[in-house]
Amino acid sequence: MTAYFDHAATTPLRPEARAAWLEAVDVVGNASSVHGPGQRARRLLEQAREEVAATLDCDPVEVVFTSGGTESINLAVKGLWWARRAGSDGIVLPDGEHHATMDAVEWLRTAEGAGVTAVPLAETGAIPVHAFAAALPGAALATAMIANNEVGTVSDAPALAAAAAAEAVPLHIDAVGAAGTIDVRFATWRGAGRAAAGLVALSVSGHKIGAPVGTGAVVVSRHAALSPLLHGGGQQRGLRSGTQDVAGAAAFAAALSAAERGREAEAARLTGLRRRLVDGLRAAIPQAELLGDPDRRLPGNVHVHFPGAAGETLLFLLDQADVAVSTGSACQAGVAEPSHVVRALGRDERAARSVLRFTMGRTSTADEVDRLLAVLPGAYARAVAAGSR
Amino acid sequence: MKILAAMSGGVDSAVAAARAVDAGHEVVGVHLALSRAGGTLRTGSRGCCTIEDAMDARRAADRLGIPFYVWDFSERFRDDVIDDFVSEYRAGRTPNPCMRCNEKIKFAALLERAVELGFDAVCTGHYALLVDGPEGRELHRASDAAKDQSYVLGVLTADQLAHTYFPLGATPTKALVRAEAAERGLTVAQKPDSHDICFIPDGDTRGWLAERVGTAAGDIVDRDGAVVGAHEGAHAFTVGQRRGLSLGVPAPDGKPRFVLEVRPVTNTVVVGPKEALATAEIAGTRRSWTGRAPSAPSFACEVQIRAHAEPVPAQAEIVGDEVVVRPASPFDGVAPGQTAVLYDGTRVLGQFTIARTVSAVPVGG
């Protein structure tokens, strides 16, 4: 059995999600059809939508089901750009965002001439509210990942949302890593008001929380101005055309609710496992350095800089010992890339290639942590000896 | 043995890995990311290491049921192979980047990392034979003379050879390797062999060099120093070349002229008749011996000066730092920067980089 420390990449399907999916997939009908079978499918879909809305603190009509985090982010960022208020220009983009956000913004920059204002991260990986606010005036939109998927730091979502509202700039929050783990409250963060500005969109992903790959959603405020990526049948307020994945939505809703029910207890449990890992790591490898905010972070995330060792080599040695970890990001060919997030913390290229990310989840155990701790010191020594070849 | 199979995405390395698995070894596949310029899809048979190549290697590893990784050696490759390639051309020489890659990357950087990570050997799809002789490991030509790649492996020392594994060396023909790949269900069975330089995917070496070395126009001169034409960049010429010479003045005897020498300092290209290409002696100091250095200061051998040249009987002599080789019959044009590999029958003795040559036809004669 592999000791699996890459729950941030994906995590096992929750039993509730599997059950909901299997039940829904046998209800045959296109949710857009007018007849009985269509209505039965529609019922399940809208039930799922209500459940998700209740968990994320928004109205059901504001929940747009998508194929996952990447689509949600693309829809939000591009959609807000294309529907921007006349006279507004520029996209406020913090450093260290996920590739879905960075690459979508980069495309808007090169293909559509969008200006981009970067906001450097604090050394802890947090998005500094003051600098973020200072970048906002006149912007067409801002985007922010509130729980960093690599170093785990959690930023101050309510403060960022308040800043966006104050400057009347539409804000998209990437909550892909946050949903189900920290308390995501769309309406509370957005505040009252009918402006097409402030927090208007929020992305979540299914497979990060124990729903199937290919599920997810973006919350789009009823007051937002947003253009769609997909045109077609006009489903979901015209924001996301296409026959709706009823079973996927049911599974996603079940997973999100299950995650929310157990959220506090699970956070405590993961924090305990993290402590075990960190204490063991510190004792065995004093040179190892923890990155990210020590307190305001995703409970199951441990991110470590290993001086003198290539992350790629460590990953290989651990994998050979059946311990699965991540360096943070890999290109399509499979080459471990230097972490742009670590660079965004102010570290050099060498450090960015010498990190590992350990992320624990629902199925993680103390035994797995102990197995990791048993092989890590030897792997580190060997990786250092192998040098930076 | 614990074997690290280097898998390029080509059919040779895939079958080599398969044979290593069949032989009962514990095999892990690795694809080297060497060129950061790599495209996404391969375009025919030129170039290498596109994402599609990485995928082909991965699928072959999947088929064999072995773990697979992609390791990034692109920085080392840039420094040791690409930069060396450019600087050699700048110096008027004709480098062989594949030899440099074997020397510095595949059987050095990769091999060292493999040994440090607990592997016994690096396996590749090279066509060559390893023989355990009385004085240690020997490198010999492959059974298929047409595919023999012992030349490009000539830089390897016995220590390196002790950690290599070439399962294809005894295969009678390449066609059999492809047939075996098809039988094994490897999707790369019909994939064309890559040729040319892996980091110049469109095959336009001249254009690629022009971007990096620049194009400085200069004179084309004959051996007496008379100007007979002009060129737009000396790097586009190599010894023995006939094409690409736009000469304004025909030769006195009317016969075609060939590049005899490239002189970077004066940015001139020297041309002359074909007979003047005849080379009586080659020498160099940058050398390696596969096993022990030869004990006799002078010995008979066969020497091969290009990957696909015929080996020529010769007398080799070690004079101070230099290895000097005099062939029984003159070489037909030798470019400094190329590698001379010395053989004793099928066995590789060693190699040296050709630094200087002596014409068989002195000027004026």
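How many helices and strands does chain A have? The count comes to 13 helices and 12 strands, where helices (H or I, at least four residues) and strands (E, at least two) are DSSP runs numbered from the N terminus. This is a predicted model, with local features needing pLDDT of at least 70, side-chain atom pairs counting only at pLDDT 80 or more, and totals for chains, interfaces and linings using all residues. As for labels, residues are numbered from 1 along each chain as its sequence is written, while chains are lettered from A and ligands numbered from 1 in the order in which they are written.

On overall shape, chain A has a radius of gyration of 21 Å, which agrees with the value near 21 Å that a compact globule of 389 residues would have; the radius is taken over C-alpha atoms, and the globule rule is 2.2 Å times the number of residues to the power 0.38. Along the principal axes, the C-alpha atoms of chain A fill a box of roughly 65 × 50 × 35 Å. Of the 389 residues in chain A, 53% are buried (20 or more other C-beta atoms within 10 Å of the residue's own; exposed means 12 or fewer, partly exposed in between, with C-beta atoms placed from the backbone). Take the contacts in chain A between residues at least 6 apart in sequence: 77% of them join residues at least 24 apart. Two residues are in contact if their C-beta atoms, placed from the backbone, lie within 7 Å.

Now for one helix pair. Helix α3 (residues 69-82) of chain A packs against helix α4 (residues 99-112) of chain A at an angle of about 35 degrees, their axes 9 Å apart. Axes here are lines fitted to C-alpha atoms, for helices over the stretch in contact, and angles run from 0 to 180 degrees between N-to-C directions. Among the residues that meet are I73(A), V77(A) and W81(A) from α3(A), and A104(A), V105(A) and L108(A) from α4(A). By class, this contact of α3(A) with α4(A) has 7 nonpolar, 4 polar and 1 charged residues (nonpolar: Ala, Val, Leu, Ile, Met, Phe, Trp, Tyr, Cys and Pro; charged: Asp, Glu, Lys and Arg; polar: the others, Gly among them).

Elsewhere, F252(A) sits in helix α8 (residues 246-261) of chain A. F252(A) counts as buried because it has 34 C-beta neighbours inside 10 Å. Beyond neighbours within four places in sequence, its contacts include A48(A), V52(A) and T215(A). F252(A) and P212(A), 40 residues apart in sequence, are 7.3 Å apart C-alpha to C-alpha.

Finally, 12 residues of chain A are in contact with 12 residues of chain B. On the chain A side, α10 (311-320) and α13 (366-386) are the elements giving two or more residues.
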